[in-house]
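Please look over the sequence and the structure shown here. A short report on them comes after.

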Amino acid sequence: MRINVKLIANYQSLLPAGTIGNTIELEAPAGISVLQVLTPFGVPLDDTSVIVLNGLTVDLNTPVSEGDTVAAFSAIAGG
Amino acid sequence: MNGWHGRLLRINLTTQTTSIETIDPQVCRDFIGGRGVAMWYISKEVDPQVDPLSPDNKLVFAAGPLTATPAPTGNRYMVVTKSPLTGALAHSNSGGEFPTWMKRTGFDLFIFEGRAEGPVYVWVDEDRVEVRAAAHVWGKDTHETTDILKAETSDEARVACIGPAGENLALMAAIMNDKHRAAARSGVGAVMGSKNLKAVVAMGNKNPDLHDPTAMRDVSVDTSKNVGADVKKGSNMRIYGTSYVPQVTNTLGIFPTNNFQQGTFEHTKNIDGDALKNQYLIRHTPCYRCPLSCGRLTEVPDGKYKGKGEGPEYETISSLGSGCGVHDLAALVKANYLCNEYGMDTIGTGMTIAAAMEMYEKGYIPESVIGQPLKFGDHDAMIDMIKKMAHREGFGNDLAMGSYRLCEKYGHPEIAVTTRKQEFPGYDPRGSQGMGLLYATSNKGASHMEGDVAYEEVFGVPVKENPLSTDGKAELVKHFEDAFALIDSSGLCVFVAIRYVFSKDRLIFPQRLSEMMNFTTGAGYTPEEIMKAAERVYNIERLFVLKAGSTEDTLPYRMLHEPLPDGPAKGKVVELDKMLPEFYQLRGWDEKGWPTKEKLEELGLTM
């Protein structure tokens, strides 16, 4: 299935070299979890990151579905 | 005294006389400093029913006990007054250099009262204070004014001033310092303008004495090292400043778009941190003694939006960008420069224009009244409106009253996205429920700076909260409001304070901040005592707001009755009724939001 991975601001550097913008589409096996999607990118999977599925707060073991977007950004005060 | 100078400078602009007074050490201890001590004086000396633009209102500049100490980001001051925008309380915060220079004059507070007969500025060089004529800078923008007044006082001095917007009593007028920094919100610049006070120029060498200089130095160095370690790892705040936030809020569906008609903006990538950094960033420009350095000098080098200045920050990108449907970055950056030069709050300015755009598109305000089309996304029309607002020309005269009064005048109050008549900042609370409770209850009207629970709901600092849930939000909002009252009273910046001088608990706890306060002042606060003092500050402000007649804690129609049409929070409204009763209970307030007799006794306050 096709899913999207969006890595925001300083996490963009974790996307494959040559990526334009902060989002890539990739092929992933059915049943893959949010955690499993992000692991290969080296996104810190602790409280230093905010990770959302389609913009929503979820358990990181939540399975990802066709067309979903997994997004992550560094937890930092600002705004 | 240590930390606090224990002295205030009172300037009567009507009589053009000045006096120096001591501040009761017990008042300093009980109300912390800065915002808290300023509020104690406002509460004692200003009738809550006073016309905010009359000579009877007072304008207080207040540095905190940690201002001008080694504490990283100990560079803030607060402007406290009765607000002409909200009819309630204004307490607006700014950094840069002026606050430190102000504290080094040897005063914690400047209190301006009365009204000068003609334009004046006040020049404070320690105890040498002069009220000088300012007719030659009246009408000039904040940059020219700053340059001229430094040239005729001292290049070593720092300037806080108003621009044309403040002179013309526009209700979103800011007080700008160091050209680019703003005590922006609630119309504090209009109060300054109503007093014919164009500028305050400050300089001195009186750093506050410290109770334990060695311990204060050590804790400050250690805190700076912690900030530095994050910066070295690649902190977004260093790389982008707050301009990285549009991508975050857009992803969560809370990026105010077209006057909060939507929560996502299809052109976000055109106005986000990468676009700004790649096209216009020159260098970082930190406030005094800040290891984070989120400020940025930018330049649009050529074309019709040519200009140079600082920013824009996230809130400006949200209000003058997505809020107005604007995605031409050069125009947005130029609009930000103009607001700084005219001395205007970019949130109030942008969201008032956004409300006018919506009313224009819906046919509620005809083109003949505005004098031109005013569609969402029309960046040139937005820039025209900014100029007209500052100078109160034509339709700009209506806009200068802010969105609440504008929408009411044209018969559609439901279009205004305000609480206590103040425009919302850049977090749509339908997708950030705690922010909804904050906006509804905030003493100063809608403001993230009143207790920014977006830190947890949006940014995951120090822990991540589900923004769509109402569970536990009453407790979180109450706690953050008190924590922000503490930070604002201390003289620190929230960006560094929240992450580095509080504990990393859901209910952040001021362990290190208490240490800094004690090493500086010798007051011997426990963290519990200092949080109680912050609660005292919040409640004395609450009493003033209620007595001013601003008694309703609610949200505008759109937030309660129009579900978000798009994005992750689609279908949501703010469930205020699920949070407000619990909030009142936790606050020790009655069912109408008034502090109970028991709560006031506990805090040592009287009605």
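## Chain B at a glance

This is a predicted model. Chain B has 607 residues, and 64% of them count as buried. Along its principal axes, the C-alpha trace of chain B spans about 60 × 55 × 50 Å. Its secondary structure comes to 26 helices and 17 strands.

Take the contacts between residues at least 6 apart in sequence: 70% of them join residues at least 24 apart.

## Strand E3 of chain B

How many of the six residues of strand E3 of chain B are buried? Six of the six are, so the strand, residues 58–63, is largely enclosed by the rest of the structure. In a regular strand, side chains alternate between the two faces of the sheet. In E3(B), Lys58(B), Val60(B) and Ala62(B) point one way. Leu59(B), Phe61(B) and Ala63(B) point the other way. All of these residues are buried.

E3(B) has pairing partners in E6(B) and E4(B). With strand E6 of chain B, residues 109–113, E3(B) pairs in the antiparallel sense over five bridges. With E4(B), the pairing is also antiparallel, over four bridges. Ala62(B) takes part in both pairings: Leu109(B) stands opposite in E6(B), and Met78(B) is the bridge partner in E4(B).

## A buried lysine

Lys58(B) lies in strand E3 of chain B. Is Lys58(B) buried or exposed? A residue counts as buried if 20 or more other C-beta atoms lie within 10 Å of its own. Lys58(B) has 21 within that distance, so Lys58(B) is buried.

Which residues does Lys58(B) touch, leaving out those up to four places away in sequence? They are Ile42(B), Glu45(B), Val46(B), Thr81(B), Ile111(B), Phe112(B) and Glu113(B). His5(B) is 53 residues from Lys58(B) in sequence. In space, the two are 21 Å apart, C-alpha to C-alpha.

Strand E4 of chain B covers residues 77–82. E4(B) runs antiparallel to E5(B), and six bridges join the two. Val79(B) stands opposite Ser92(B) in E5(B). The two strands form a hairpin with six residues between them. In this hairpin, Gly87(B) takes a positive phi near 70°.

Strand E5 of chain B, residues 89–94, is mostly covered. Six of its six residues are buried. Both faces are covered. Leu89(B), His91(B) and Asn93(B) are buried on one side. Ala90(B), Ser92(B) and Ser94(B) are buried on the other.

## A three-stranded sheet

Further along chain B, three strands form an open sheet. Their order is E13-E14-E15, and the pairing is antiparallel. Strand E13 (281–284) and strand E15 (307–310) of chain B are the edge strands, each pairing on one side only. The twist averages 15° from one strand to the next.

Strand E14 of chain B, residues 296–300, is joined to E15(B) by four bridges. One pair in these strands is Leu297(B) and its bridge partner in E15(B), Glu310(B).

## Domains of chain B

The domain assignment of chain B gives domain 1 (7–203), domain 2 (240–422) and domain 3 (428–603). The C-alpha centres of domain 1 and domain 3 of chain B lie 26 Å apart. Their contact takes 37 residues from domain 1 of chain B and 31 residues from domain 3 of chain B.

Which elements give two or more residues to the side of domain 1 of chain B that touches domain 3 of chain B? They are helix H1 (25–31), helix H2 (34–45), E4 and E5 of chain B. H2(B) gives the largest share, seven residues. By class, this side of domain 1 has 15 nonpolar, 16 polar and six charged residues.

## Where chain A meets chain B

The contact between the chains takes 21 residues from chain A and 32 residues from chain B. On the chain A side, strand E3 (49–53), strand E4 (56–57) and strand E5 (69–74) of chain A each supply at least two residues. The largest share, three residues, comes from E5(A). The residues of the side of chain A that touches chain B divide into ten nonpolar, nine polar and two charged.

Terms used:
Residues are numbered from 1 along each chain as its sequence is written. Chains are lettered from A and ligands numbered from 1 in the order in which they are written. This is a predicted model: local features need pLDDT of at least 70, side-chain atom pairs count only at pLDDT 80 or more; totals for chains, interfaces and linings use all residues. Two residues are in contact if their C-beta atoms, placed from the backbone, lie within 7 Å. Ala, Val, Leu, Ile, Met, Phe, Trp, Tyr, Cys and Pro count as nonpolar, Asp, Glu, Lys and Arg as charged, and the others, Gly among them, as polar. A residue is buried if 20 or more other C-beta atoms lie within 10 Å of its own, exposed if 12 or fewer, and partly exposed in between; C-beta atoms are placed from the backbone. Two strands pair if DSSP finds at least two bridges between them. Axes are lines fitted to C-alpha atoms, for helices over the stretch in contact, and angles run from 0 to 180 degrees between N-to-C directions. Domain bounds come from an automatic or database domain assignment.
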